[in-house]
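Here's a quick briefing for anyone meeting this structure for the first time. Have a look at the sequence and the model, then read on.

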Amino acid sequence: MKQVLENIENQFEMFQVLDENGKVVNKNDLPDLSDDELKELMRRMVYTRILDQRSIALNRQGRLGFYAPTAGQEASQLGSQFALEQDDFILPGYRDVPQLIWQGLPLYQAFLFSKGHFHGNQYPDEVRALSPQIIIGAQYVQTAGVALGLKKRGKKNVAITYTGDGGTSQGDFYEGINNAGAYKAPAIFVVQNNRFAISVPVEKQTNAKTLAQKAVAAGIEGIQVDGMDVLAVYAATKFARERAVAGEGPTLIETLTYRFGPHTMSGDDPTRYRTEELDKEWEQKDPLVRFRKYLEGKKLWSEEDENKVIEEAKEDIKKAIKQAEQQPKQKVTDLINHMYEELPTHLQEQKEIYEAKESK
Amino acid sequence: MAQMTMIQAITDAMRVELKNDENVLVFGEDVGQNGGVFRATEGLQDEFGEDRVFDTPLAESGIGGLAIGLAMEGFRPVPEIQFFGFVYEVMDSISGQMARLRYRSGGHYNAPITVRAPFGGGVHTPELHADSLEGLIAQQPGVKVVIPSTPYEAKGLLISAIRDNDPVVFLEHMKLYRSFRGEVPEDAYTVEIGKADVKREGSDVTLLAYGAMVHSSLKAAEELEKDGISAEVIDLRTVSPVDYETILKSVKKTNRVVFVQEAQRQAGIAGQVISEVQERAILHLEAPILRVTAPDTVYAFSDAEEVWLPDHKDIVERVNEVINF
């Protein structure tokens, strides 16, 4: 009898470019990004951190609704999005609003999604994406379908999707990566392993040492990346994208990351299941700190640059929340109108009833 | 015109639409080279190629996800679920996802998907093949549910379903696949979704039925005629949304109604339809609306189908109760 578990685990060593001090530890894999692109990456990470802080505050004031904090995951979310082209298709989970924003979703629409307004999900044509998926795993089986569609159309694009560590336990997670593998479809499956699914630590999800090794079950490529290292996440996604558009099939990328905040703003209290030591340990790995050091070393970033971004973000957020609050209120007739191309008789009847109510 | 069985009419509808619209894709477990476990897709892969008609891994949820994703790229997917008892694996993709896509995107996206699946009893299938689960999907806003009972309607309704820009679940009763032939035009034609059909005119009682129960109702109507009772038989054809206009017109004429379904009494769609009819026509009713259904047990072990499934005798009995109320 041959024992293979250790051999498999050894195949999934963490891929890293920058260490915690912002030093390049892996020159060979340093992605080819211009100074402007590097600065843009930093700008987006700082902006998104502020967006998270402001979203939490706006949620507490009751000006936003459902919100899943993103602080800590900027490298994982934005490094991967930065590797995409405009015509790539994103299937986000509920925590993946930042990727949509940087793909072009207007901020006020992201706020309307949070508040629960249909206009938040009426995406501009150039943002090829579905709205954040609430059913964990569903975005994975759908991604296999989008990717197969791209392949059939002969497009040089990919479908990218995101789930968390807990999501890897779902059946749809396996079916999604397996289907994409069977069709050699151009899909990128990202697992953002922030170590907790609400209160359940990743060790209670599976006995597997890495989540990246789950790619083996689908016979596809798997990479474990330092999810606090934006250059490593970018490089891994770029690599997966190039493989995909070259017809080599899907890749599963596990990003090791952390959420500094609660699971969502709907009453979750992380002090019930997380220790202060663990929080501190991960704060040392803050993706912003590390990348800031790297850019400062290259004389590409200053406090002044950072403050400019912070002010810009706060200003944009103020405008966007105002615009969201000015959106006309939803009517039942709006909801009825979006059900079918042609309304069946029973909905026509109900529409008339609500039209009468609404005109009072 | 050609004489076709229902399964041939279904194959023909897919052939017509594969030819008519290059976005139509047919896929599922064994639908490719094998031509489907019931031969519903026989010859389609040879004619249209593996790019249009293809097999999938054995995973219903994955099939639903493929359909939704392909729709995002402008395709018109026609996936097959091998037996509708397996729908539980793909409930989220159908009811949780494709049914909601147009609404959740505020009309930005839509899901022109037709999910085909066989169901229905009387052919001694193993467990969870024959269950009537149309009631589950009929409760979901955003998806239509179509159940044909003749070869002519199967072809016309399937073409309509494929051309519909919203999701349709198209349920094919296994007992009706090859039990008789009917006239089917060779070219494309459509039968409107959401419209019932009066299969037999009558004046004393309205029998509302769908699927195999349409034929049981017609048989019951013949027997009732011998006793001087004239039964009107309405084939709903679409169980969501239901054509109340046709139903109410008949009820106002006959003033008596029996609802006939193969599903258990607590399942199917009888409860919903009867409730609507009494709200809209109580003053036209001479008797309560009664139901013919299967008993509220799990679907019968195959050897017990004969005593368990409702048949024309049950219908005659119920009609007599309504007439003599």
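Arg195(A) sits in the loop between strand E3 (187-193) and strand E4 (196-197) of chain A; strands here are DSSP runs of E with at least two residues, helices are runs of H or I with at least four, and both are numbered from the N terminus. This is a predicted model, where local features need pLDDT of at least 70, side-chain atom pairs count only at pLDDT 80 or more, and totals for chains, interfaces and linings use all residues. Residues are numbered from 1 along each chain as its sequence is written, chains are lettered from A and ligands numbered from 1 in the order in which they are written, and side-chain values use heavy atoms, with hydrogens and water left out.

- Arg195(A) isn't a glycine, yet it has a positive phi of about 75°.
- With 22% relative accessibility, Arg195(A) counts as partly exposed (buried means under 20% relative accessible area, exposed over 50%, partly exposed in between, using a 1.4 Å probe and protein chains only).
- Ile198(A) is not a glycine either, and its phi is positive too, at about 50°.
- You'll find Ile198(A) in the loop between E4 and strand E5 (200-201) of chain A.
- Ile198(A) is also partly exposed, at 40% relative accessibility.

**Chain A as a whole**

- Chain A has 14 helices and seven strands.
- Its radius of gyration is 21 Å, close to the 21 Å from the globule rule for 360 residues, so chain A is as compact as a globular protein of that length. That radius is taken over C-alpha atoms, and the rule is 2.2 Å times the number of residues to the power 0.38.
- The C-alpha atoms of chain A fill a box of roughly 70 × 55 × 45 Å along the principal axes.
- Buried residues make up 58% of the 360 in chain A.
- Take the contacts (heavy atoms within 4.5 Å) in chain A between residues at least 6 apart in sequence: 74% of them join residues at least 24 apart.
- Chain A exposes about 16,100 Å², and carbon and sulfur atoms supply 47% of that; the areas come from the Shrake-Rupley method with a 1.4 Å probe, and for residues only the protein chains shown count as cover.
- Chain A carries 46 positive and 54 negative charges, whose mean positions are 1 Å apart. Lys and Arg count as positive and Asp and Glu as negative, while His and the chain ends are not counted; the place of a charge is NZ of Lys, CZ of Arg, CG of Asp or CD of Glu.

**Chain B as a whole**

- Chain B comes to twelve helices and 14 strands.
- The radius of gyration of chain B is 19 Å, close to the 20 Å that the globule rule gives for 325 residues, so chain B is as compact as a globular protein of that length.
- Of the 325 residues of chain B, 64% are buried.
- In chain B, 82% of the contacts with a separation of 6 or more are between residues 24 or more positions apart.
- Chain B has 30 positive and 51 negative side chains, and the centres of the two sets lie 5 Å apart.

- Helix H9 (residues 244-254) of chain B has several buried residues, among them Tyr244(B), Ile247(B), Leu248(B) and Val251(B).
- Seen down the axis of H9(B), the buried residues fall within an arc of 165°, so they line one face of the helix; the arc is that of the directions from the helix axis to the C-beta atoms.
- Glu245(B) and Lys249(B), on the other side of H9(B), are exposed.
- The cover over the buried residues of H9(B) includes strand E13 (257-264) and helix H10 (270-281) of chain B.
- Pro241(B) is in the loop between strand E12 (238-240) and H9 of chain B, and a cis peptide bond with omega of about -5° joins Ser240(B) to Pro241(B).

**Two buried prolines in chain B**

- Pro118(B) belongs to strand E5 (residues 114-119) of chain B and is buried at 1% relative accessibility.
- Pro310(B), in the loop between helix H11 (305-308) and helix H12 (312-323) of chain B, is buried at 4% relative accessibility.
- Pro310(B) and Ala294(B) are 16 residues apart along the chain, with their C-alpha atoms separated by 5.6 Å.
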